[in-house]
Amino acid sequence: MELVEVAVIGAGPAGLAASIEAAKAGAEVVLIDENNRPGGQLFKQIHKFFGSKSHMAGIRGINIATKLLEDCEKFGVKTLLNTVAFGLFEENRIGLANKDKKSILRAKRIILATGASENVLNFPGWTLPGVMGAGALQTMMNVNRVLPGKRILMIGSGNVGLIVSYQALQAGAKVVAIVEAAPQIGGYGVHAAKIRRAGVPILISHTVKKVFGNDCVEGAVIVRLDKKWKPILGSEKKIKVDVVCLSVGLNPLTELAWMAGCKFVYIPALGGHIPIHNWNMESSKKDLYVAGDLTGVEEASTALEEGKLAGLAVAESLGYLKREKASKRKAEIREQLIALRAGPFGELRRKLKEPFMQGDEIRK
Amino acid sequence: MKDKDIIICRCEEVTLGEIEKAIAEGATTLAEVKRRTRAGMGLCQGRTCSKVIAKLISKYTGQPLKDILPSTFRPPVRVVKLKILGGEESCFLEKQK
């Protein structure tokens, strides 16, 4: 069994930022990810980020990831790729496995940055090849340069649905329609306007009733919803598509936090059950920190800041940062988080996350 | 296709009808639905269907969603071959040097 100072599980924006901060301060950091490259979703994000300059606005996700990886290298973060963390055990032990071997790693501090997985919608035909999550479509188009179909129906008009639709147009597909069950568009107006200018209809108060095809998707039936979100009989419309893309929200990946015995709270708008934490991103379990989407589904930009907080707090707790210096840096980051959680979309998240950001106390 | 034939747990091919039946027969938690139907016991370990099943339990039993907790997570939480799990322990960090 090996002993390290800091183990970070998940190399997305939160995990990378946490690793960099802790390593920069002088801690020994091991970063673990199940994928064959670090970066999480960032490498799929070929679009420019929003917000102010200090939040990397105007920079494309893939370039943010490249910079983060350079910093990891620079500060000596040890990265274990193609490695799953299959369990957390007593005394801060982490069970790791790759395709050949297992290993048990003990860490003085553990930071969970496991992210989130996509929600599904179950309708007749949802298991046919051609129905996929927005993440899968993004991976195929933007990472592997494969266009899985020519005529796409997008389910969900949140920012993910809007942005991925636009990327599908750029990749050469036709987005036949975006359907949205709610009576209004979910994402930013600026993204929706861009999609509308490109001629893609956004059908609010609509959902997919079924998808049909012999061996793969050949078409879909969409239907209008009434004020109570019930399908209006007779409003069904059959459309010819070969891809149905689901972008209906995310679900925090919390298995390891449950296994560790963390206390949870249920906040639907943040994705469901999330581990409670304090303003240092410290969970209710000793030595265990959490950051990013598993503490409530937000954006890559907020995940980065939460990761920095966790990394700094861990470095401080190990004696690598003086209290005064750490407090100052952390206060700046908390300000950034408040700024990021502004506007009509951020405001609700800010209110929901506020109770966690009050101080050292870990409470609901 | 009837609604009851819609697949909810894709890994174990458990349908909406089977899950509704399990709840009607008294299953009130995700673990109970899992034990009766195998929903959530497959490759993805319920990462895809748990949220949907939680909503169904809530709909039919009236329990608030906050009280419907995931079933106990046990290692391995990710897919790991038994021969690796039971095999010898190796040092991942030394190899890197």
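1. β1(A) and strand β2 (residues 29–32) of chain A pair in the parallel sense, with four bridges between them; two strands count as paired if DSSP finds at least two bridges between them. In this pairing, I9(A) has I32(A) of β2(A) as its bridge partner. Strands here are DSSP runs of E with at least two residues, helices are runs of H or I with at least four, and both are numbered from the N terminus.

2. A word on the model before going further: it is predicted, so please keep in mind that local features need pLDDT of at least 70 and side-chain atom pairs count only at pLDDT 80 or more, while totals for chains, interfaces and linings use all residues. Residues are numbered from 1 along each chain as its sequence is written, and chains are lettered from A and ligands numbered from 1 in the order in which they are written.

3. Back to β1(A), residues 2–9: this strand also runs parallel to β6(A), residues 102–112, and seven bridges join the two. Across that pairing, V4(A) stands opposite A107(A).

4. Chain A is assigned domain 1 (2–117 + 250–357) and domain 2 (121–246), with bounds from an automatic or database domain assignment. Their C-alpha centres lie 31 Å apart. Four residues of domain 1 are in contact with six residues of domain 2, contact being C-beta atoms, placed from the backbone, within 7 Å. On the domain 1 side, two of these residues are nonpolar, one is polar and one is charged. Nonpolar covers Ala, Val, Leu, Ile, Met, Phe, Trp, Tyr, Cys and Pro; charged covers Asp, Glu, Lys and Arg; the others, Gly among them, are polar.

5. Which elements give two or more residues to the side of chain A that touches chain B? The contact takes 30 residues from chain A and 27 residues from chain B, and the elements in question are β3 (78–80), β4 (84–89), β5 (93–97), β6 and α6 (255–260) of chain A. α6(A) gives the most, with four residues. By class, the chain A side divides into 14 nonpolar, ten polar and six charged residues.

Conventions:
Contact = placed C-beta atoms within 7 Å.
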